[in-house]
Amino acid sequence: NHLPEHIRQKVFNHPCYSEEAHHYFARMHVAVAPACNIQCNYCNRKYDCANESRPGVVSELHHPDQAVKKVLAVAATIPQMTVLGIAGPGDPLANPERTFSTFRQLAEQAPDIKLCVSTNGLSLPEHVEELSKHNIDHVTITINCVDPDVGAQIYPWIFWKNKRIKGREAAAILIEQQQKGLEMLVARGILVKVNSVMIPGVNDKHLEEVSKIVKSKGAFLHNVMPLISEAEHGTFYGLTGQRGPTHDELQALQDACAGDMNMMRHCRQCRADAVGLLGEDRGAEFTMDKIEAME
Ligand code: SF4
Ligand code: SF4
């Protein structure tokens with residue numbers, strides 16, 4: 001891939017950021033973050049957050065102490081495990097105590113494991129300081145729009161300063177927080193990847209502009225993910241009954257954005273509790289009852 005050398009140095013053993021590395025290094029997600037502070041039209045909360053992950057199966061939710069145990073057990077079994085991410089099932093930064101307790105313990109007990117987190121960005125600015133303390137060098141922000149009129153079609157509401165805010169006003173606040181968080185992270189030298197969910201007829205035309213803007217602000221990778229529709233999964237995903245993009249539509253958009261930006265094309269939209277190499281999920285080997293039994 002075409003990443004600049006100083007970024008390549010940081011991500012060479014990160015399976016998500018290097019096309020080559022994903023064959024050799026493993027990643028793991030722990031599901032410690034149940035709550036969310038916004039509503040996306042494509043989420044019905046029964047499944048994992050689309051910040052990073054695939055709907056369809058509810059993750060086993062962990063207490064931070066259990067999650068740490070699990071990570072240590074997996075790292076002992078799978079030596080290629082280099083990266084631990086928190087991606088859901090809700091928004092990790094809407095559960096700051098749980099998320100940061102997990103990171104704090106891991107930074108102490110397993111300092112070689114890289115930590116990363118994904119977020120919708122709403123409460124990102126207030127957590128940038130804390131993120132920079134835990135040696136978290138990768139943050140993924142899901143940015144589906146930079147225009148509140150588009151956002152109003154994606155986000156029915158946000159929960160902000162103890163109030164529920166709806167429509168265009170809600171989208172405007174979310175967008176502002178996402179952009180501010182992105183700028184603050186880049187200013188501190190924390191790598192930022194942007195995820196966008198491609199929703200045909202809603203933001204498909206708009207995502208090229210999103211790509212340009214996030215690149216100009218210093219995001220190092222843009223990952224356009226398809227909306228996973230109800231039809232494909234035989235499950236209800238998309239409160240508005242929205243269809244997902246076809247393979248060709250997705251590829252055309254990724255090509256259009258690629259002129260401006262490094263595009264990630266091998267993301268597998270892993271579950272919030274995925275374990276192993278990309279494309280494999282060994283999560284079932286490491287359920288909490290099995291980990292307790294290993295001890
Ligand atoms: Fe669902 Fe994630 Fe959106 Fe929250 S940010 S509503 S968990 S998809
Ligand atoms: Fe990597 Fe994508 Fe899976 Fe996250 S969802 S662990 S970025 S492949």
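Is L207 buried or exposed, and how many other C-beta atoms lie within 10 Å? L207 is buried, with 24 other C-beta atoms within 10 Å. The legends below describe this residue and other parts of the chain in a predicted model.

**Figure 1. Overview of the predicted chain.**
The model shown is predicted. Ten helices and ten strands make up the secondary structure of the chain. Of its 295 residues, 45% are buried. Among contacts with a separation of 6 or more, 73% join residues 24 or more positions apart.

**Figure 2**
L207 has its place in helix α7. Residues up to four places away in sequence are not counted here; beyond them, L207 touches S196, M198, V224, L253 and C257. L207 counts as buried because 24 other C-beta atoms lie within 10 Å, where 20 or more are required.

**Figure 3. Packing of helix α7 against helix α9.**
Helix α7 spans residues 207-216 and helix α9 spans residues 247-258. Their axes are 9 Å apart and form an angle of about 35°. The crossing of α7 and α9 is right-handed. On the α7 side the contact is made by L207, E208 and S211, and on the α9 side by L253, A256 and C257. Four of the residues in the contact of α7 with α9 are nonpolar, one is polar and one is charged.

**Figure 4. The seven-stranded open sheet.**
Seven strands form an open sheet with mixed pairing, in the order β9-β8-β5-β4-β3-β1-β10. Strands β9 (221-226) and β10 (275-276) stand at the edges; each has a single partner strand, so one side of each is left without a neighbour in the sheet. Strand β1 (residues 26-29) runs antiparallel to β10, and two bridges join them. In this pairing, M28 stands opposite V275 of β10. Helix α2 (residues 64-77) lies across β1, β3 (81-86) and β10, and runs at about 155° to β3.

**Figure 5. Strand β4 and its pairing with β3.**
Strand β4 comprises residues 114-119. Five of its six residues are buried, so the strand is largely enclosed by the rest of the structure. Strands β3 and β4 pair in the parallel sense over four bridges. Within this pairing, L84 has L115 in β4 as its bridge partner.

**Figure 6. The largest nonpolar core and the contacts of V192.**
In soluble globular proteins, nonpolar side chains tend to be buried together. The largest nonpolar core in this model has 70 residues, and M28, V71 and V192 have the most contacts inside it. Helix α6 (residues 167-187) gives the most to this core, with six residues. Leaving aside neighbours within four places in sequence, V192 is in contact with V139, I141, L182, L185, V186, G218, A219 and F220.

**Figure 7. The hairpin of β6 and β7.**
Strands β6 (residues 157-160) and β7 (residues 163-166) run antiparallel and are joined by four bridges. I158 has I165 as its bridge partner in β7. Two residues lie between the strands of this hairpin. Most residues other than glycine have a negative phi. K161, however, has a positive phi near 50°, and N162 has a positive phi of about 65° although it is not a glycine. K161 is exposed, with 7 other C-beta atoms within 10 Å. N162 also counts as exposed, because it has 5 C-beta neighbours inside 10 Å, and the limit for an exposed residue is 12 or fewer.

**Figure 8. Y42 in the loop between β2 and α2.**
Y42 is found in the loop that lies between β2 (38-39) and α2. With 21 C-beta neighbours inside 10 Å, Y42 counts as buried. I228 is 186 residues from Y42 along the chain, and the C-alpha atoms of the two residues are separated by 8.6 Å.

Definitions and conventions:
Residues numbered from 1 in each chain as written. Chains lettered and ligands numbered in written order. Predicted model: local features only at pLDDT ≥ 70, side-chain atom pairs only at ≥ 80, totals over all residues. Contact = placed C-beta atoms within 7 Å. Axes fitted to C-alpha atoms, helices over the stretch in contact; angles between N-to-C directions. Left-handed = near helix turned anticlockwise from the far one by under 90°. Nonpolar A, V, L, I, M, F, W, Y, C, P; charged D, E, K, R; others polar. Pairing = 2+ DSSP bridges. Core = buried A, V, L, I, M, F, W, Y, C linked by C-beta atoms within 7 Å.
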